Amino acid sequence: MSSAAGPPPEDAGQSSAPPGTPPVKSQKQMTKAERREIQERQRAAKAEKAAQNQSKNPGKSSNKPAQTSKESAPAPRKVSKPAEAAPRGAQGAAGQSKDTKTGGEDKPAHTRGLRIFSHFGLPKPTSHKGEVHPAIVRLGLQFSEFKITGANARCIATLTSFKTVIQDYVTPPNNTLSRHLMTYLSPQISYLVNVRPMSVTMGNAIRQLKLDISGTDIDLPEQDAKDALCGKIDTYIRDRIIAADQVIEETAGNKIKDGDAILTYARSSVVEKVLLAAYADGKEFTVTVVDSRPMLEGKKLLKVLSSAGIQCTYLLLPAVGSVITEISMVLVGAHSLHSNGAVFSRAGTALVAMMAKQHSVPVVVCCETYKFSETVQLDSFARNELAPLELFKSFPRNNEEDSSSLGDRPNLQILNPLYDLTPPSSITAVVTEVGVIPPSSISSIPLALGRTIL
Amino acid sequence: MGILPEIQNVANQRIVEVLVSKLRRRQLVGSRQTAIETVLVLRQVVAKARFSNIEQLIQIIKAVGRRLVQAQPKGVYPSPVYSFPVHSIGLLNASAFVSLPYPEHTVGNTVRKVLHHVREEYHAVSRAGPSTQTQKSSFLISKFVSQGQPRKQTLAAPKSEARTTSLRENDPDDPDSFAKGLKPVLMEAIQDVLDELETVYDNVSKSARDHIHSDEIVLTIGHSKTVESFLKAAAHYRNYTVIVAESAPSFGGHEMARSLSSAGISTFLVPDSSIYALMSRVNKCILGAHAILANGGMFAITGSLLAVSAAQAHSTPVVVCAGQFKLTPLWNLYHEYGALDFADPSSVLGFEEGSLVDKVDVVNPYFDYVGPELINVYITNDGDHPPSSVYRLIKESYDDEDHEL
């Protein structure tokens, strides 16, 4: 397979097998020397055969060293370029699998594993900083270090930075703001996407921004146009996020009764607001915060809630089964909503929702309408993001040496998917600013807002 | 507490006390290790015991068993170190959560198993004439259900020829003759139990290659030695991938991942939060058990219930690997969850969190209870069994009167 890190040590006879098939069993038991011998013999045999052929095989065989070095360059990017990997692998299956036999047997693990999860975004090395506004660079840094997390927070931060960018923007001569501003913003946006894959909220907001930009009156003086745009951004934030949150606080707050035991997972800004508002209203309830690695965001929520005076219980995700029987309602937030009613949210939400549903506990998702996405997502693999390993080594009590030695073993990969998809069957209702909606009606949210797109 | 009247032998008492203190101090790690140590202690006790009829021997062994089981109290009582203010959460109404070791059910199980073998040997030896009755066609399903498998008495018949006449219970002239006659047989029986324990991992792994196929993706949680040896055995024949969920807060998954990857199996270490996300790609869920209960359910490490429920939601088969010494004639009637035993809360929310420690309850249970309907098969050293036949295994391995030691 082209994903160069190397292929399974294939036998000559299995040239037609797709890349990634298991090597012959006995290979594992041979010593390294024997395996090398076999590889050498096969390579020699292939070289002969290749010399006879006129197809691309000879080119590949002779350029093997060049090719492997070329392929090793994209190796760090292989996780982000699965599309190329697949067709390359398919075409060159015959030639490739013989060529890239230089890899040892630890490589197959990487290749096979990464094929499954290879489309998950990992942060890529950033480049072309020259064209990028410093505010955006700062934002990118904050994203990559996970200082700003959460769909709402990221969206608001992005829009605020864009306001700065717009104010600093100067239309070049012979250009109109409405046309050129978009091209000016594009590299900024791709810089942010490189740092961390775009969230649905950011995507929706930016789409709205583009619409506003292209709708700018050509006759307006530049400063007025810029001010108008900034005003529109502010309106967007105010209407779709802040005001929406207030409506949700009230609506969801009505669902909380005295004596309730509420369970929430990780940290959702909306749920935090709902709980604080309900408590300020004088309702008596207890909160159970469920938390999980890698991000351990629940601790922040715990601090906020307990300093407000709410009685809290804290536990880690595996222990949910033990407490779920005591819970009266589960309140979670979302990263995005999809047309089929599925909720894309922090990894672990699906487990909590599933357990709750099994014990007949209502699962209520608090989500603003601007998080709606028209795509239909079927499982957690369609789009997801892996957390970078260096940031999340927060093993509370274990030795640091243990955890660091895990990183550089062959055959061992550490994966930290950040999101997962909760199927609509596990959700009871979604509270948005346009009302409390069952998951099956989520696709009608745009209509409820009076527009065909969000 | 230290002096068991039934064991008049001082040496025996000392042996028992050594094991008791080891159990208390958590110096024994692992269910199998505990079981082996228990058998060794019982072997010494039986070797040195003096009894003139079978009842006395059984009382001695039961007393030892009771002592060992009591050495690891299961339950909650106030702990001086962690004093969290507790607000009751329904049934979890203990006064405070303690950091005590969880009870090793294997101690009790081993004692019961030894008792069962002792009784079996005794019956085989003392049955002089009527050992020929078993050839009648009395294999009725009703008898099977109430009595379990027909006992393997005929095998013991040749051994006992020489001894049937010499075994006299409660002989006033020679009180030790009974014991002397019976002991060699008992020693063999106990050795059988020990052999079975020592070969548990190998026997469980025998069927590994039939259960795991090429290019499968297997999910497991935490660190179970039985599952580890099972997966390593399968790795000799198949090439497959394992996803290990580190199970917070004990993080046993790290050790498991390290060990499996050193054995050449391609391993993925993931946090527990992604179990549902990855389950759609997983072909099988292979878990370990702490104890297998009489109804076919099991106690397993926290997080197992999540994994098993997620597997059920995706129709993924759930396989549990456990040795037969984990079969426990206990039920879990009153609690839906296994959370009667709690671990140290500071591994969840440590003291470095400062002010939170006072205001917040922390729950850190050791085990989950997984119901029998969620498990597809138990792979034991004695073969594969569905959860619905666990009751039969218990009937065959233990005697009814031993359920309460």
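Visitor: Which strands form the open sheet of 8 strands, and in what order?
Guide: The order is 9(A)-3(B)-2(B)-1(B)-4(B)-7(B)-10(B)-11(B), with mixed pairing. Strands here are DSSP runs (E, at least two residues), helices are runs of H or I with at least four residues, and both are numbered from the N terminus. Two strands count as paired if DSSP finds at least two bridges between them.

Visitor: What should I know about the model and its numbering?
Guide: This is a predicted model, where local features need pLDDT of at least 70 and side-chain atom pairs count only at pLDDT 80 or more, while totals for chains, interfaces and linings use all residues. Residues are numbered from 1 along each chain as its sequence is written, chains are lettered from A and ligands numbered from 1 in the order in which they are written, and side-chain values use heavy atoms, leaving out hydrogens and water.

Visitor: How does strand 9 of chain A pair with strand 3 of chain B, parallel or antiparallel?
Guide: Parallel, over 3 bridges, with residues 412-414 making up the chain A strand. A:Leu412 has B:Thr267 as its bridge partner.

Visitor: What does helix 13 of chain B lie across?
Guide: Helix 13 lies across strand 1 (217-221), strand 4 (284-288) and strand 7 (318-321) of chain B, and runs at about 155° to strand 4.

Visitor: Now the interface. How many residues of each chain are in contact?
Guide: 68 residues of chain B touch 64 of chain A, where contact means heavy atoms within 4.5 Å. The two chains bury about 5500 Å² between them, 61% of it on carbon and sulfur atoms. Buried area is the accessible area (1.4 Å probe) that two parts lose on being put together, summed over both.

Visitor: Which three residues of chain B supply more of its buried area than any other three?
Guide: B:Phe268, B:Tyr276 and B:Leu306, which supply 13% of what chain B buries against chain A.

Visitor: And how many salt bridges are there between chain B and chain A?
Guide: There are 2, taking a salt bridge as a side-chain nitrogen of Lys or Arg within 4 Å of a carboxyl oxygen of Asp or Glu. B:Arg281 makes one with A:Asp379, their closest N and O atoms being 3.2 Å apart.

Visitor: What about the count over all chains?
Guide: The structure holds 17 salt bridges in total. One of these joins A:Glu297 and A:Arg346, at 3.0 Å from N to O. A:Glu297 sits in the loop between strand 2 (285-291) and helix 14 (298-308) of chain A and A:Arg346 in strand 6 of chain A, so the pair ties together parts 49 residues apart in sequence.

Visitor: Where do the strands of the 4-strand sheet belong, and in what order?
Guide: They belong to chain A and run 8-5-6-10, again an open sheet with mixed pairing. Its edge strands are strand 8 (372-373) and strand 10 (419-422). Helix 16 (residues 349-358) packs on this sheet, touching strand 6 (343-346) and strand 10, and makes about 30° with the direction of strand 10.

Terms used
Axes fitted to C-alpha atoms, helices over the stretch in contact; angles between N-to-C directions.
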